[in-house]
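Good morning. I will go through one structure today, starting with its sheet and ending with a helix. Please look at the picture while I talk.

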Amino acid sequence: MMAAQLKVGDRLEPVTREVKTEKMVEFEKCVWDRGRNSHSDINAAKADGISQTIASGQNQMAFLHELLERNFGDAWVYGGKISVRYIHPVYAGDRLTANGLVSEVTEEDGKARVSLHVWCENQDGRKTSAGTAHAGQPSARRSWLETAEAHAK
Amino acid sequence: MSDSESQFKVWESIPLGDDLGSLDYVLTDKMVSDYRRVVDNSQAAYPTVAARHPANLFYRKYASVMRVPNMGHDSEYFNPPITGKRITITGRIADKYIRRGNAYIIVEATAVDEDGRLIERSKLVGCAREVGKEAAHDNIAKKWGA
């Protein structure tokens, strides 16, 4: 099955997630435990000069990843590129939506390459991060899930 | 040396291209399932996002003198990581610059698994904050009243 091909001006199906304190704390312990910091502990946040904990930038990056994985499949996980700047703090209780807008479709080495503006915005419509992403045209395949299933057997 | 130059003394002492060494870990089923749970995405491909490879390598060497709160991130993905494989990351100081009165450090980390599969290459855009001199998130507090 072939996924729909993107063209300039297309909007990706957005992803919306609520940012919760317990998830922010757990995020800091995932893969490597980073200890208490301004993303997980109010006292650490105050020591760092802010009045409350803020979600880490990589937490926003995780939402942008979901947007790109869902919309591009293997075309994202094999050869995807992203460049993002964090431009407004994200707090527990915020509702973030990850967005993508196709800005250009070019050809590289005989293959289509899709360029996008990507950003997260909060419940007030304020951008909290913004940047660009690049990937091949969307693939219907999610081979990383096949791999996980194969390893589970 | 002028006052504006001397305020970045520690930043200046960190050499461009500095080798940050390497770290490794085995990506376990628990790490993957924990990551997928906390980001509300049961099919997430890259749990390494949470590992923040560049920051971990940087702090192993410079945590006592410098903080680099994350102002941005550039990443390129080559192959999704496979559970049970050992991942080795290597890092370096890829760039340094001063912009609008703030000193920045770009930390690059490359992740490869035990079979030699290139997983990802990431760059942390860090706002350089000297430990004991200024709070790590002073800039955020001033700009947004956080």
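We start with an open sheet of 10 strands, in the order β1(A)-β3(A)-β4(A)-β5(A)-β2(A)-β3(B)-β6(B)-β5(B)-β4(B)-β1(B), with antiparallel pairing. Its edge strands are β1 (15-18) of chain A and β1 (19-26) of chain B, and each of them pairs on one side only. From one strand to the next, the twist averages 20 degrees. Some terms before I go on. Helices (H or I, at least four residues) and strands (E, at least two) are DSSP runs, numbered from the N terminus. Two strands pair if DSSP finds at least two bridges between them.

A word on the source. This is a predicted model, in which local features need pLDDT of at least 70 and side-chain atom pairs count only at pLDDT 80 or more, while totals for chains, interfaces and linings use all residues. Residues are numbered from 1 along each chain as its sequence is written, and chains are lettered from A and ligands numbered from 1 in the order in which they are written.

Now to the place where the chains join. Strand β2 (residues 81-86) of chain A pairs with β3(B) in the antiparallel sense, over five bridges. Within β3(B), B:E76 is the bridge partner of A:K81, and B:G72 is the bridge partner of A:R85.

How many residues of chain B are in contact with chain A? There are 40, and they meet 39 residues of chain A; contact means that the C-beta atoms of two residues, placed from the backbone, lie within 7 Å. On the side of chain B that touches chain A, α3, β3 (70-77) and α5 (138-144) of chain B each supply at least two residues. The most comes from β3(B), with eight residues. By type, that side of chain B divides into 22 nonpolar, 12 polar and six charged residues. Here Ala, Val, Leu, Ile, Met, Phe, Trp, Tyr, Cys and Pro count as nonpolar, Asp, Glu, Lys and Arg as charged, and the others, Gly among them, as polar.

β5(B) and β6(B) form a hairpin with four residues between them, and B:G116 in the turn has a positive phi of about 85 degrees. β6(B) is mostly covered, with seven of its 10 residues buried. A residue is buried if 20 or more other C-beta atoms lie within 10 Å of its own, exposed if 12 or fewer, and partly exposed in between, with C-beta atoms placed from the backbone. In chain B, buried residues make up 40% of the 146 residues.

Last, helix α3 (residues 29-38) of chain B. Its residues B:M31, B:V32, B:Y35 and B:V38 are buried. Why are they on the same side of α3(B)? Because they cover an arc of only 140 degrees around the axis, taken from the directions from the helix axis to the C-beta atoms. On the other side of α3(B), B:D29 and B:K30 are exposed. The cover over the buried residues of α3(B) includes α1 (21-27) of chain A. After α3(B) comes B:D40, with a positive phi near 55 degrees.

Conventions: Axes fitted to C-alpha atoms, helices over the stretch in contact; angles between N-to-C directions.
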